[in-house]
Amino acid sequence: MSDQKKNDEIHGVVAYFDDVDSVMSAARKVRDAGYKKWDAYTPFPVHGIDEAMGTKPTILPWIVLGMGLTGMACGLLLQWYTNAYDYVFLISGKPNWSLPANIPVTFEVVILFSAYTAFFAMLGLNKLPHLSNPLHKLPKFRRVTADRFAICVEAKDPNFDADRVRAILGADTSEMEDCPVDTSRAALPLWFHAVMALVTCATFIPLSLAVKGRFATSEKPRYHVWPDMDFQRKRKTQTGWEGFEDGRSMRLPVEGTIPRGELRDDFELYFGVAQGSSVPPRATYDAGSMGGEKHEWLQSFPTAVVVDEALLERGRERYGIYCGVCHGAQGNGLGAVALRAKAIDAEQWGWVSPKALQSDSAKAYTNGELFHIASHGISSMKGYGSQITPKDRWAIVAFVRAIQASQALPKAPGDLPEGVDFEPVPTIKDVRLSEASVDAPAGGTEPAGEAR
Amino acid sequence: MTITDPSAFGSQPSGEDDPSVRPSLVEGVNEDFSSVTDAVAGIAEIPVERTNRAWIICFAISVSLLGMLGMLILHLITTGVGVWGNNNPAYWGWPIVNFVFWVGIGHAGTLISAILFLTRQNWRTGVNRAAEAMTIFAVVCAGMFPGIHIGRVWVAYWLFPLPNQMAMWPNFRSPLLWDVFAVSTYASVSLLFWYMGMVPDLATFRDRAVNNTRRIAYGIFSLGWTGSSRHWHVYERAYLLLAALATPLVLSVHSVVSFDFAVSQLPGWHTTIFPPYFVAGAIFSGFAMVLTLMIPARQFFGLKHIITMRHIDVMCRILMATGLMVGYAYSIEFFIAWYGGVQYESFAFVNRAFGNYWWAYWIMVTCNVIIPQLFWSKKLRANLWVVMIVSITTNIGMWFERFVIAVTSLSRDFVPSSWGYFSPTWVDVTMFIGSFGLFFTLFLLFLRFLPVVAIAEVKTVMPQAHAHGEDHGESHSAGGSAAAPASRHDA
C-alpha cells in the first residue's frame, strides 16, 4: 500500500544515460518488461531505437495521403466551380474547363494540403504543443536536449512498480531520480480568464457583422473601404458652389456666343411657331396652358421644309420606326404597345391610350402643335426631340396629315379612283379586350379587321 | 580546421587526399554532442552588450536599407507605379526581374533541405538550416515585388479566389495565377519545413536558457518538445514526407515562374526550354547566395568545424555544374532560334546578344558561364576569397539573366513602332538595394537569435550517434581512434 501511495506522488522514474548504447540497451529491457507508458528521451533521433522500444509505425503517411487526395479534389473543384460553372468567361478562345491548364494549381494545392497535414498531424499525433510537462521541472532533464539520454517510466503504467523499474534501469544508467508530480502549477489568474473570455467573444464580432451585412437590408450606401475614384475633388453638374459669384458650379456660355449645335434662329423649323414670336417652353404639351392663343403656332410647314413625295416617304419611314409601335401603322392608335396595354388594362396605372390620329381632336391641332408634341410629348407620350432631327419631325407631321386625309373617312368617298379597296380603319374602341393580344401585328389591316 | 576525423564517414582511415575517402562532416578531434550544442547555441546566447561588432555594423546598414525600402514603398503606393521605369513597351521591368531573382535564390534552401535529404547527402546537415532561412527570406523579398507591382495594393486580395461583392473569380487558365499559387505554397511550405526542423533545436535553446525571457520565448516556439523517441518517430516520418513533398514543389515553383514568360507569345519568351532552364538557374543562383552568406557567417561565428571546407567544396562543384547547365541553355536557345527558322525568334536572339542590350547579355555570359569555370581547380575551390568573388559575380550574372530575358524581349516586340529602350528610375534602383536590406535584416536576426545549424541533425551524423555495440561487437569512443570503422546508418 505504501508503494501505491508513492505511485500517486511521482510522475515516474527517470534514468539518465551518457551514450547511445546504454540507452538502447535499457530501452530493450523496459520494452521486454512489458511497460507501455514510458519513453526514451534523446537529443536527436537515434537510429534503431524504434525497434528497441517497440514503437509501432505511425499512421501519419496515410493521413497525409488522404489529405493529399482531398487537396486534389479541392483544387479541381475550386477551378471547375470558379471558371467553368459560377463565372464562365472566355479567355483567348481557350476552353472553360481543360485539365492541362488546371494541372499547376491542382498540383500546388495537393502539396499545400499534404505539407500542412504532415506538420499539423505530426503535432496532433505527438500531442504537441504540450508546454506543461513535469519532466521540464527536472534540472537534470534539461541536458536531454543537448547531450544526454533519458528513459522515463511513468507511474500511470498499470504495471508500474517503482522499485522494479529502478532495478531494470539501474544496470545501464549513470544517474536516476524520481520525477515528482507537478504540483507547482498555479491556477491561471482570474483576470486572464476574464480577458480570454472577452477576446473569445470579440472574435465573433467580425463574423457576426459579416453575417448581418449579408442578410440584413440597409438604406445606407455601402461603406467604401477603398473609395478609389468614387470621390473626386471636383464640382458636379447642377450643384452650388460659393466660388463663383452666382453661387453655381456650372458656367453659362460667354455673352454673345452660342454653344455648338444650339443655334435655333429659325423659329418655324425648330419650334413650330411664327418667326419672332414667343418660343414655347421645352415641356410636355399641355393643351390647357399651351394651346390656343399663347403661341403663334405654325399652321402650315416651315419655309425650310419642302413638302414633296420624298418628304412624305421619309415621314412614313420615320413614323414606322418611332411612332407606329404605339399609334399603329395606319395611325389608328392600334400599335403593338397600345394593344398590349389594352390587354393588361394598363389604364388602371395611369396609362393613356395613344390617340387615334384620324380623330377630330388630333385633326384640330395645328402643324406647329403636332411638331411640338412630337418633340416634347403629351400626357403619357414622351418627347422624341432628342432622337429625331427637326426636319424628320416635320416629315412625320406631313405624313400624319397625309394619313389623316386618306384614312379618316367614315365611308368610301365617291371621288376615290376605280378599283381602290377602301375599308374604314378600326379604332381602339373596336378592340374587344378578350381578343386583343400582343400577338396581333401592330395596326395591320387584316388582324385589326378580325379583331372587329 | 584541417584536422579531420576520418572515422566519421570513411570506411577506412586515410589521408585527406585519398579521393575514395570522404572527409568527416564535423571536424575536430574532440567534438562531441555538448561541444556541437555549445558552438551553435553559444551564438544565440551571447549577451546583447557583447554582440559581435561586425554583426552590429551589418545590421545597422541592413535596417537603414530596410527603412529606405519602406519609404520607397510608401512613395510608390501613394504616387503610383509610374515612379518606376516600366513603360510601353517594357511593362515588366525591374520589379519582375527582382522577383525572379529573389525567388530563384530561394530555391537552394529547399533543394538542400529536401532533395539532398532524400538522396542521403548527409553533408547537408551543416548548412541546411541557414539555407532554409535564406530561402524564406528570399521568398519574402520575392513576394514583395509582384505584390507592389499590381498598382492598387489594397486590392491584392483579388489575386486569391475569395468570394467578393463583384461576384467574380480569378482566371485559373493564366500562368500569373499559377504563380500566385506556386509562390504562396512554396513560401508557406518552406516556412513549415524550416520551423519544424527548428523545433528540437529551439527546445535545446529553451533548456539552456539563462533567463525567463529566453525560456518563455523559446519555450513557446519549441511547443514543449522533450526529445521523446515516440515523438521523434512521428517527427522523422513527417520530415521525410515534407522533404518528399518539397522536392517536386521546388522544381515546380520555378517552372511555374518560367510559365509567366513561356506561355506568352513573345519571341525570346515563348520557348519550351524555359522550365528546366529556370530551375537550373535558380539552383545556380541559390547556391551562390548560400556561399555568399555562409563564408562570412562561419568566419564570424566560429562555425568552421561545422560548416567545413568540404561543404564549401561541394557547393562550389554544384555551382559549377549548374552554371554549365545554364550555359547549355543559353546556347541551345540560340540553336533553336536558328534551327526553328522563325525570323522573329532569330531576330530576338541576335538582338539579345548584339542589340541595344548587348552589354547586359555579355555581363550575364561572363558571370554565369565563364567565371564559374575557375572551380575546375581544387586549389581555387579551397580559396575562400575566390569562392566569395565567384559567388557574388554569379549573383550579379543571374540578376542580369532575368533582366536580359524580361527587358530585351519586351523592348523589341512584333511591332517596330512600339520599340523602346528601358531605363530604370532612381526608385527602381534604390528599391532593389532596399530589398537587400530586408533580406539581410531578417537573415542577421536569424543568425543572432535562432539555431543557425540544425543541431540535432548534425549530431545524427556524428560517429557517437550510432549504436554499434550489438551490431558490430566492438566499442567506439567519441572522436576516438582513427582506426575504428564507423557504422553508417545510411550506408
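**A salt bridge and its surroundings**

I begin with one pair of residues: the side chains of Asp39(A) and Arg230(B) form a salt bridge, at 4.0 Å from N to O. Please keep in mind that this is a predicted model. The count of salt bridges between chain B and chain A is one.

Let me turn to the interface as a whole. The contact involves 63 residues of chain B and 69 residues of chain A. Between them, the two chains bury about 6,100 Å², of which 66% lies on carbon and sulfur atoms. Which residues of chain B lose the most area to chain A? They are Trp169(B), Arg173(B) and Arg230(B), and together they account for 14% of what that side buries.

As for polar contacts, 24 residue pairs are found across the interface of chain B and chain A, with both residues at pLDDT 80 or more. Several elements give two or more residues to the side of chain B that touches chain A, among them α1 (33-45), α6 (175-208) and α7 (212-221) of chain B. The greatest contribution to that side comes from α8(B), with 17 residues. By class, the side of chain B that touches chain A holds 33 nonpolar, 21 polar and nine charged residues.

Now to the strands of chain A. Asp39(A) also stands opposite Cys152(A) in β3(A). Strand β2 (residues 38-41) of chain A runs antiparallel to β3(A), and four bridges join them. Strand β1 (residues 10-17) of chain A pairs with β3(A) as well, in the antiparallel sense and over six bridges. Here Val14(A) has Cys152(A) as its bridge partner.

Is β3(A) buried or exposed? Six of the six residues of this strand, 149-154, are buried, so the strand is largely enclosed by the rest of the structure. In a regular strand, side chains alternate between the two faces of the sheet. In β3(A), both faces are covered: Phe149(A), Ile151(A) and Val153(A) are buried on one side, and Ala150(A), Cys152(A) and Glu154(A) on the other.

Finally, a helix of chain B. In α12 (residues 358-370), the buried residues include Ala360(B), Tyr361(B), Met364(B) and Val365(B). Residues three or four places apart in an α-helix point the same way, because there are 3.6 residues a turn. The cover over the buried residues of α12(B) includes α9 (274-300), α10 (309-340), α11 (343-354) and α14 (384-411) of chain B.

Conventions. Residues numbered from 1 in each chain as written. Chains lettered and ligands numbered in written order. Predicted model: local features only at pLDDT ≥ 70, side-chain atom pairs only at ≥ 80, totals over all residues. Heavy atoms only, no water. Buried < 20%, exposed > 50% of the residue type's maximum accessible area, 1.4 Å probe, protein only. Pairing = 2+ DSSP bridges. Contact = heavy atoms within 4.5 Å. Buried area = accessible area lost by both parts, 1.4 Å probe. Polar contact = N/O pair within 3.5 Å; in protein donor to acceptor, adjacent residues only side chain to side chain. Nonpolar A, V, L, I, M, F, W, Y, C, P; charged D, E, K, R; others polar.
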